[in-house]
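Let's take a walk through a protein fold together. Have a look at the picture first, then read on.

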Amino acid sequence: MESSRPSVRVICVDEQQRILLLRWRDPVSGRRIWEPPGGGIKADEEPLAAARRELWEETGLPGTEIGDRFVVVRRKLRWNGVDFEGEEAFFVCLLGSPPEVSPGGLASSEEQQLQGYQWVRWNALDSLSDPVEPPQLIKTLAELAPGGPWATGIVA
């Protein structure tokens with residue numbers, strides 16, 4: 001089975017240059033991945049509105065700090081027995097001190113699949129035990145926030 005749906009993701013970065021990642025467990029394969037908060041865009045919903053809604057649903061964080069510019073990333077992922085392929089709009093949300101994460105409106109299936117979250121330093125993503133999706137996350141962050149150390153690979 002194959003599916004394509006318009007989606008959004010939000011790369012949240014705190015003042016310590018850490019990225020908020022959610023850890024998910026595929027209910028079919030058991031595979032675990034880390035990825036930024038996000039999800040599908042509803043019919044007649046603008047990408048920025050979807051990004052704000054998804055951020056709140058998955059983290060409880062308000063979307064007021066999400067920038068209105070986005071980068072489109074082509075993704076291909078097998079999840080829950082379905083091959084997903086399509087484009088996702090990635091936004092950036094630059095935050096001060098890391099706010100408390102508490103999902104605000106997960107669907108029951110998401111509650112079962114969400115394994116936790118972690119603030120991970122941008123240059124330590126490869127230290128995680130499970131893969132980060134999408135693999136080009138830092139490149140995408142560099143396009144959205146070119147002033148950060150991730151743009152050059154230099155550790156601040």
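Here is a short tour of some strands and a few backbone details.

First, some ground rules: this is a predicted model, where local features need pLDDT of at least 70, side-chain atom pairs count only at pLDDT 80 or more, and totals for chains, interfaces and linings use all residues. Residues are numbered from 1 along each chain as its sequence is written, and side-chain values use heavy atoms, with hydrogens and water left out.

Strand 3 runs antiparallel to strand 8, residues 114-121, and seven bridges join the two. That makes them a pair, because two strands pair if DSSP finds at least two bridges between them.

Now for two non-glycine residues with positive phi. Glutamine 17 has a phi near 65° and belongs to the loop between strand 2 and strand 3. Aspartate 44, at about 65°, is in the loop between strand 5 and helix 1. Which is buried and which is exposed? Glutamine 17 is buried, at 18% relative accessible area, while aspartate 44 is exposed, at 85% (buried means under 20%, exposed over 50%, partly exposed in between, with a 1.4 Å probe and protein chains only).

Last stop: a cis peptide bond, with omega about -10°, joins glutamate 133 and proline 134.

Definitions and conventions
Helix = DSSP H or I, 4+ residues; strand = E, 2+ residues; numbered from the N terminus.
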